[in-house]
Amino acid sequence: MKRNFLRRNDLIMLVFAIILFAVLQGLIEGRVLSSFWQLNLLIIGINVILAASLNLINGYTGQFSLGHAGFMAVGAYVGVVLTTNFSVPFGAALVAGGIAAGALGFLIGIPTLRLRGDYLAIATLGLGEIIRIVIMNIQYVGGAAGFKGIPHHTTFAWVFFIMLFTLFFIKNFVNSTHGRACLAIRENEIAAESMGINTTKYKVMAFTIGAAFAGVAGGLFAHAFYLITPASFTFMQTFNYLIMVVMGGLGSITGSIAGAFVVTFISAALASWPEFRMIIYAVALILLMFYRPQGLFGYKEITNMGIFRKCFAKGGKANG
Amino acid sequence: MEVTQQVLQQLINGISLGSIYALIALGYTMIYGIIKLINFAHGDIYMVGAYIGFFSITQAGLGVIPSLMISLVTTGLLGMAVERIAYRPLRHAPRISVLITAIGVSFFLEYTSMYFVSPTPRTFPALFGDVAVDFMGIVINGQQMLILGITAILMVVLTYIVQRTKTGKAMRATSFDTETAELMGINSDRIISITFGIGSALAAVAGVLVGIYYNSIDPLMGIMPGLKAFVAAVLGGIGILPGAVVGGLILGVVEALVSGFLSSTFRDAAAFAILILVLLVRPTGLFGKNTKEKV
Amino acid sequence: MDELLQAEHVSMVFGGLKAVSNFNLHLNKGELVGLIGPNGAGKTTAFNMLTGVYRPTTGSITFAGKSIVGLPPYEVTQRGIARTFQNIRLFSELTVLENVKIAFHFHVKYGLIEAVLRVGRYFREEQEIEEEAMELLRIFHLEDKADEVAKNLPYGAQRRLEIARALAAKPKLLLLDEPAAGMNPQETHELMEMIRWIRREFALTILLIEHDMSLVMGICERIYVLEYGEILAEGTPKEIKANPEVIRAYLGGE
């Protein structure tokens, strides 16, 4: 019975997602949404990927990383070079960008994940900046002036289905023995180790997967614009994703989706008042830490909350 | 000869810049030592200090020293207020929560300042004209002399406070073991508050000095020096005051050499590379001692 | 005799301070052995060396015929030594069931791809893990708390959960660090029965550190006494009770 329930949960979410896609795609085709909001729809989807992948590292595995924008940059630049200079198909370029970012994450992760807490945070922030500065000094990709003439490949369908894949990937990962190993590391590293878990391996694994998805998201991001510059990938960008993750809940995919949606929406709505936007984020962050440090959703997912189960489930424990 | 001269010139530039880092790093290291928090907002405190100095000089028409004093006092109070409002309620919260709060405070200071003073950089009045000492082709200008002089004075004052006064002893005790210090009758809340005050005051001085040195200030000027000062503090061994000074000076010199002989775009990368190297090779820093979690 | 664990001349020095010196201990398969001694005698340090948390300064430790010195803790566990902690170390924000499921980790065969795509062995193995975990919870009277967050359990139940979790790693040797600490006499008595029972049921060898003398004397077949980091005496409970050295250490030491 339980086994069926797991699959049914997935199915319900999938059906729901496809309906959502049809509606949004309809709104785009019917030109109901202005081009400004169309672009923001893309950005929301991309941000969901970034927030969920950062959550895998920071929330589920408890390794506080601030280098996400760097991995995003790697994916973006590898992607645009492949599509623009080598006419590689878009999908393949995205995958290549993801692999490149993941590989870099793997190499960086092995030495740095020995560090803990705030030290890891600063070290990853520094590494993200180093990546950016190195890109800034590569003339082949335009240096500080940026990379021009990127083909506009990123459509809503690309973003939506890659986002969906990311979410299912992370959800299934978290609900497996590998994901549980990551949770154990977050909860108590010494106990995790004494339960036979190779903690370094799983920290690096989570970090690599997170970096790879950030790379794919970077590719999607880059192909939504004509020009990208290294300035689009500063650690301020990472803070943006951090705000989404913290707001939604460190350890909740539902939370990351909600966080990405809310933050992107606020940013878009307050685009003309950038100071206010940042002040609102600042105050929100501080108040959250005071009154609800676990974020809006805590460790909960929509699929195991009362309302969802009442609507769709007949019994049994939700796990998906 | 040419090359030695250049190296020496960069050394002077590096020590000037390094003194600024040292002043900021002192605050970082004191605060980390006492409540184990990377105060992300520390760089922004330094920015606020620069603006207060700027307005004292330009709007109120005060001299450098009075402006420094005003900036030092008000910014010190600001640091205490930040601690009281944002950090004290989280004294027993997980460290990551406090770190996130610090990031929030940092944004808050940056963007409220931006709202009030506008994002456009302000030009600091040139105070020293062409005062400069030329020693065998190596130039030390007036701003640099001011920076070195004031930094030296502040180091002496700080050493006196920490080593000789009752408050300083209480600070050291609290940083060593807060609970035991409290049992000895030390009001740790008060000591933490004073630590924030002193640390912020030092950052404020650094802010004004940087304004005078580079002639330009803006609301986001604190981000990079803040991070680099943290690097300096880690390099010297976090929580150790002389370590912060040495770390700051080393970082300044390395940066000057990198921008002088390689490329100024790699300047920031050098600082972070140092950080990562230190964390991997000797996470306790140059002067730190090892501790291990008890099982 | 069938020897499972042997520690010979093991010493641990922390910055010039000898926490344990010349520690010798052997365990035969199926034995239930106690390690006692005054506070600070080095009992937990000994545990930490046996489980790979500390690397002994000198000496050899062999488990099932192979040296385990220098192995990281997770590899020691994978060889078949599981433990509990003196200061409980549960995965406190996770549910009771998840705590136990985690410990099956290194027995799981499905890989990352199978997990993410949910194909192959994933569902079958997850089902097995869930059933086995529930079975363990039943043994420790925790089955109706399966979905509760571990940190909300009462103290005694947390101790039991730690043992259940250690058993989920399917060890040959179980090390219990003060399992009865903080329990009342009634709970301690139940725990005693339970330890006896799991040893038989799971064919375990057990080494336990304990302060509660009634528990140690009641269930252990052999006892080691540690004082100032050295083995002071070894023998059956009867011999230990009669040993003048031990009496001196205890009456003088505590």
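Apart from its neighbours within four places in sequence, C:Glu162 is in contact (heavy atoms within 4.5 Å) with C:Thr84, C:Phe85, C:Ile88, C:Arg89 and C:Leu90. C:Glu162 belongs to helix α6 of chain C, residues 155–168; helices here are DSSP runs of H or I with at least four residues, numbered from the N terminus. Its relative accessibility is 1%, so C:Glu162 counts as buried, a term for under 20% relative accessible area with a 1.4 Å probe, protein chains only. A polar atom of the C:Glu162 side chain lies 3.0 Å from the backbone nitrogen of C:Arg89.

This is a predicted model, where local features need pLDDT of at least 70 and side-chain atom pairs count only at pLDDT 80 or more, while totals for chains, interfaces and linings use all residues. Residues are numbered from 1 along each chain, chains are lettered from A and ligands numbered from 1 as written, and side-chain values use heavy atoms, without hydrogens and water.

The largest nonpolar core has 264 residues, of which B:Phe40, B:Tyr87, C:Leu174 and C:Leu208 touch the most other members. Such a core joins buried Ala, Val, Leu, Ile, Met, Phe, Trp, Tyr and Cys residues through side-chain atoms within 4.5 Å. Another core, of 29 residues, lies apart from it and includes C:Met49 and C:Phe63.

Some values for chain A follow.

| Property of chain A | Value |
|---|---|
| Box filled by C-alpha atoms, along the principal axes | roughly 55 × 50 × 40 Å |
| Buried, of 320 residues | 62% |
| Helices | 13 |

Definitions and conventions. Helix = DSSP H or I, 4+ residues; strand = E, 2+ residues; numbered from the N terminus. Buried < 20%, exposed > 50% of the residue type's maximum accessible area, 1.4 Å probe, protein only. Polar contact = N/O pair within 3.5 Å; in protein donor to acceptor, adjacent residues only side chain to side chain.
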